[in-house]
Amino acid sequence: MKLPLEIPTHEEDVMIAAGIASDPDTYESFDAEILSMRPVQKSSMDELATKSDLRELKLELMAEIKLNRWMLALVVAATVLPALKTLLGW
């Protein structure tokens with residue numbers, strides 16, 4: 001059930017504004033202040049990653065990890081095997 005929107009009268013609006021002004025934990029935002037927040041919000045939204053971005057990054061990282069494992073194996077083979085041959089007298 002949709003409730004009808006009730007626009008406060010001028011007197012009610014004055015009472016609401018007085019209540020907001022008397023509450024130390026809140027204040028009424030002004031249009032200029034709200035408009036100044038929009039660019040910050042937009043720039044923050046540009047930095048958010050989607051699930052697709054994260055999946056793509058995960059795939060890239062997994063490929064790099066596999067490449068690094070192969071590179072490490074080659075380095076170990078090139079350095080450790082000759083040392084083992086020398087020590088074992090092969």
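In which helix is glutamate 12 found? Glutamate 12 lies in helix 1, which covers residues 10–22. The model is a predicted one, in which local features need pLDDT of at least 70, side-chain atom pairs count only at pLDDT 80 or more, and totals for chains, interfaces and linings use all residues. Residues are numbered from 1 along each chain as its sequence is written, and side-chain values use heavy atoms, with hydrogens and water left out.

The protein has three helices and zero strands, in the order α-α-α from the N terminus. Helices (H or I, at least four residues) and strands (E, at least two) are DSSP runs, numbered from the N terminus.

Of the 90 residues in the protein, 0% are buried. Buried means under 20% relative accessible area, exposed over 50%, and partly exposed in between (1.4 Å probe, protein chains only). Glutamate 12, at 41%, is therefore partly exposed. Leucine 88, in helix 3 (residues 51–88), is exposed because its relative accessible area is 53%.

Both residues also belong to surface patches. Leu88 is part of a nonpolar patch with Leu72, Val76, Val80, Leu81, Leu84, Leu87 and Trp90, and together they have about 840 Å² of accessible area. Patches are made of residues with over 30% relative accessible area and no salt bridge; like charges are joined within 9 Å, and nonpolar side chains (Val, Leu, Ile, Met, Phe, Trp, Tyr) within 5 Å. A salt bridge is a side-chain nitrogen of Lys or Arg within 4 Å of a carboxyl oxygen of Asp or Glu.

Technical notes. Accessible areas come from the Shrake-Rupley method with a 1.4 Å probe; for residues, only the protein chains shown count as cover.
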